There are 2 protein chains.
Amino acid sequence: MPKPAPASRSAITNLMRLSHSAGCPCHGCSTARQGGVNMIRAGINMISKHGSQPGTNSRGYATPVDLASQKEYAFELAASNIRYGEGVTKEVGMDMANLKAKKVGVFTDTTVRGLTAMRQTIQGLESAGVKYEIFDKVRVEPNDKSWAEAIAFARAQDFSHFLAVGGGSVMDTAKVANLFTCYPEADLLEFVNAPIGRGTPIDKQLRPLICVPTTAGTGSETTGTAIFDHSETESKTGIASRALRPVLGIVDPLNTETCPTAVHISSGLDVLFHALESYTAIPYTERMPRPANPLQRPAYQGRNPISDVFSLWALKQTVKYLPRVARDRTDVEARGQMLLASTFAGIGFGNAGVHLCHGMSYPISGLNKKLAHYKHEGYQVDHPIVPHGISVALTGPAVFDFTAPSSPDRHREVAAIFKGHDSASESTDIARIPDSDVGALVYDRIAEFLSNLGVPRGLSKLGYKDEHIPSLVKGTIPQRRVLDLAPGIGDVMGSDGHEHLTRILEKSMSY
Amino acid sequence: MPKPAPASRSAITNLMRLSHSAGCPCHGCSTARQGGVNMIRAGINMISKHGSQPGTNSRGYATPVDLASQKEYAFELAASNIRYGEGVTKEVGMDMANLKAKKVGVFTDTTVRGLTAMRQTIQGLESAGVKYEIFDKVRVEPNDKSWAEAIAFARAQDFSHFLAVGGGSVMDTAKVANLFTCYPEADLLEFVNAPIGRGTPIDKQLRPLICVPTTAGTGSETTGTAIFDHSETESKTGIASRALRPVLGIVDPLNTETCPTAVHISSGLDVLFHALESYTAIPYTERMPRPANPLQRPAYQGRNPISDVFSLWALKQTVKYLPRVARDRTDVEARGQMLLASTFAGIGFGNAGVHLCHGMSYPISGLNKKLAHYKHEGYQVDHPIVPHGISVALTGPAVFDFTAPSSPDRHREVAAIFKGHDSASESTDIARIPDSDVGALVYDRIAEFLSNLGVPRGLSKLGYKDEHIPSLVKGTIPQRRVLDLAPGIGDVMGSDGHEHLTRILEKSMSY
């Protein structure tokens, strides 16, 4: 083994840029700041080791390799522990006692406050003799103000442990309350994804968080993601870091018992598109740059063999059971399977990422109040609302028509699943379809599935008009964290990506 | 909600028994000792909550429910983080630096000491500036003496972190070296499964362990299991606790490059039977007793919807890729897929358990030196040896013939996979086979698969004779931890189980 050759100034500069950049282009990376020097040393060493690769001259001395221009070569799977069972919520008190919790911060919203899930939680904590304080003011679709309120509450207490009982909004809010308690001086934008936030990596271990989901949708009980509405830019963004991940997700089918049908459908569509988008995201080997340190490897890393297994399973379950829940929300088996599917999809997209449907969903729901004024049936609110799952689903048919050429076999498989087959090879007619027709087939299948669930047939049904498309495109562009994982979209900052997004939105106006 | 009724003396005694029993009958539970009082309180509360269940009288007062006689209602999935990629071993130095390691105990064996995996590891640690000490005396198939030596080494140092580079023997030895460093006063049998050990639950958080597997077999990089030969009783047993689980498995296909074909095959058979046994284990809802505290829920908890996904995927991969590796060990794709399959199977059986093949494998390999004197071809040792994967495979055909009636559809699916189909419904001839014939079909398929890999066709080919069967049965009985998960075996302490084991071994003499 030759001694490491001295690295050039440009290699060092490049590595420093990678390790210190606040607006790191990777998706939710969590580079430890103080790791900078180590990373640079490690990077130099990595450079010096590429002996058999281009960039090494014949004397065995390395010439600098620009890691930022290299593709990824590895992937990492991380997931919270998951416990599943009817009535398992009541164990949470014993869990907190086992974890030696001194005082637990319990986060929920005003609706869930009165439901079985919270009743079981409180009984569990009390019978285990664990102290707790409840914050029940979590806002559905949280924003900077509601996050600030939750953070102020948590900072004023001295919680040793955190507990979230509710949907994605509750779990995400508990994650940030935990985060900002551990960073008592930091302001809200410190860790938020660039370009809206400063994207500072989280370099501390947070306090243990247990999540008890009450909707089958977000999968937030397994992920390190927290999403909110940023008022100033009127856009959705968030924080993504493995550090935010709960230690345990308690997945109890009894907790979705009182969920209204409209919420089951919208949440279930979120599951469907978590599965579809993560299954069709670019492969991890296409992502750039190759991280100089494993800490820089993002959670949203592109599809990989392990995320595939979770995403595909969740897709099959959702196609099978969501229509059953929609028909009859007292169907216990279907409801249980959907809850498990949402957790599986969470592990899938939590380790692979989502792409176009989620990227465009943010302006579709965000600009609704200003442009479309749509109020979804079955939602008891006094203001316009496009539920998250619906906003994600609306571009579904056009998106997978667009992505089909990137991996025709995967899309053929998707089409087969919507047709009730386990694999494309089971259905000879689907196996025989030429690559060029797969997009249209997937478009039809998804459109039919959505239509049967009562999803509005296109953006125009919400009140969006052709002249709104440029605003929707503009609102999508900042979602680089997910757009970078979309196959075939090209550079979203350039005219190429811009044009693709425009065409997908045009095709999503009506179907 | 009625106020909890006072619990009866017998309920309290029963819960105390559950929480204090050193020889806890559950599989590798990790009850915190000091949790006893909390558990009893919680147990009383659980009893008081069964208002709508049998055991509650009409006034709403609970009569005591014997939790020990209730079946399980929940399952838990836990797995190490997994990182996969060619050459990813070199990142381990950065990982240790990121974890702020002060001094790392590196465990390996004399063979792996000279291989690429260790070279990359040492380079990684050195370039990240992490201090380390190497223990390279891990015994292949470790025993109490070799464990004691590794423990003495670790106790004499002050390791902040542990690192294992090698196969299952190395990873298991690193796990116990870590464990007994954290319990400096404990003796070897303290945590070993009852009846051989005292089965004391592990109630401390151990130091972070990273595992780098160099064989595609054990899956130990994702599990909390460590296995060894107990000299005094001449049997294999071990320690099973989620507390032993590594924080990260670094799964690098370059590390199996130098593995000899015979080792690839034997290790690959271990993967195959991890997958088959966990997929056909009793469902978690059939396991008893229902734990009074989630800490008592064993890792080997019976099959469940999540372990199923991992086990089935690993099974399909192994059936597809193991024969390719056996034909040509330079087949890079097949080798990579087998390594991933071993990790998947590890997550599968690590959360569901194994049963008969593994249970009987221990006396088959353990009694070989005394009874059969078989030396497997391709193993460079100067003493009789039945490699672990071979000892597991030998009873395979007879075992799944025996278990088929417990879940004919699952066994039909297994048969379809061996025939190269993705599911039983793909193969109309398999779908049409009556339940009563499924066992014979699976027997044939597994026998053919093993035979094509050159596995000896039965115990008689090793030198075992009919008169040895009682000894093999006797050697299997202490494996209650896994036998309890075998469908249809009955009480292995009674005549029923005894007879079943005898018949399976008779059928495994030759095929």
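A polar contact of 2.6 Å links the side chain of Asp409(A) with that of Arg412(A). The model in which this contact is found is a predicted one. Asp409(A) belongs to helix α14 of chain A, which covers residues 408-418. Its relative accessibility is 56%, and because exposed means over 50%, Asp409(A) counts as exposed. Between Asp409(A) and Ser460(A) lie 51 residues of sequence separation and, from C-alpha to C-alpha, 32 Å in space.

**Chain A as a whole**

Chain A contains 19 helices and nine strands. It has 511 residues, of which 64% count as buried. Among its contacts between residues at least 6 apart in sequence, 79% join residues that are at least 24 apart.

**Strand β5 of chain A**

Strand β5(A) comprises residues 161-166. Six of its six residues are buried, so the strand is largely enclosed by the rest of the structure. His161(A), Leu163(A) and Val165(A) point one way from the strand, while Phe162(A), Ala164(A) and Gly166(A) point the other way.

| Strand paired with β5(A) | Residues | Sense | Bridges | A bridge in the pairing |
|---|---|---|---|---|
| β3(A) | 103-107 | parallel | four | Phe107(A) with Ala164(A) |
| β6(A) | 209-213 | parallel | five | Ala164(A) with Cys211(A) |

In general, the strands of a sheet pair through backbone hydrogen bonds, either parallel or antiparallel.

**A sheet with strands from both chains**

An open sheet of seven strands runs in the order β1(A)-β2(B)-β9(B)-β6(B)-β5(B)-β3(B)-β4(B), and its pairing is mixed.

Strand β3 of chain B, residues 103-107, runs parallel to β4(B) and is joined to it by five bridges. Within β4(B), Lys131(B) stands opposite Lys103(B). Helix α7 of chain B, formed by residues 168-182, packs on this sheet. The helix touches β3, β5 (161-166) and β6 (209-213) of chain B, and its direction makes about 165° with that of β5(B).

**The nonpolar core**

The largest nonpolar core has 168 residues. Which of them touch the most other members? They are Leu269(A), Phe273(A), Leu269(B) and Phe273(B). When residues up to four places away in sequence are not counted, Leu269(A) touches Leu322(A), Gly389(A), Ile390(A), Ala393(A), Leu450(A), Leu453(A) and Val455(A).

**How the two chains are related**

Two copies of a chain are related by a rotation about an axis and a shift along it. Here, chain B is superposed on chain A by a rotation of 180° with 0.0 Å of shift along the axis, at an RMSD of 0.0 Å. This is the relation of a two-fold axis. Of the interface residues of chain B, 100% are also interface residues in chain A, so the copies meet through the same surface.

Notes:
Residues are numbered from 1 along each chain as its sequence is written. Chains are lettered from A and ligands numbered from 1 in the order in which they are written. This is a predicted model: local features need pLDDT of at least 70, side-chain atom pairs count only at pLDDT 80 or more; totals for chains, interfaces and linings use all residues. Side-chain values use heavy atoms; hydrogens and water are left out. A nonpolar core is a set of buried Ala, Val, Leu, Ile, Met, Phe, Trp, Tyr and Cys residues joined through side-chain atoms within 4.5 Å. Buried means under 20% relative accessible area, exposed over 50%, partly exposed in between (1.4 Å probe, protein chains only). Contact means heavy atoms within 4.5 Å. Two strands pair if DSSP finds at least two bridges between them. Helices (H or I, at least four residues) and strands (E, at least two) are DSSP runs, numbered from the N terminus. Axes are lines fitted to C-alpha atoms, for helices over the stretch in contact, and angles run from 0 to 180 degrees between N-to-C directions. A polar contact is a pair of N or O atoms within 3.5 Å; within protein, one must be able to donate a hydrogen and the other to accept it, and residues adjacent in sequence count only if both atoms are side-chain atoms. Copies are superposed by least squares on the C-alpha atoms of residues with pLDDT of at least 70 in both.
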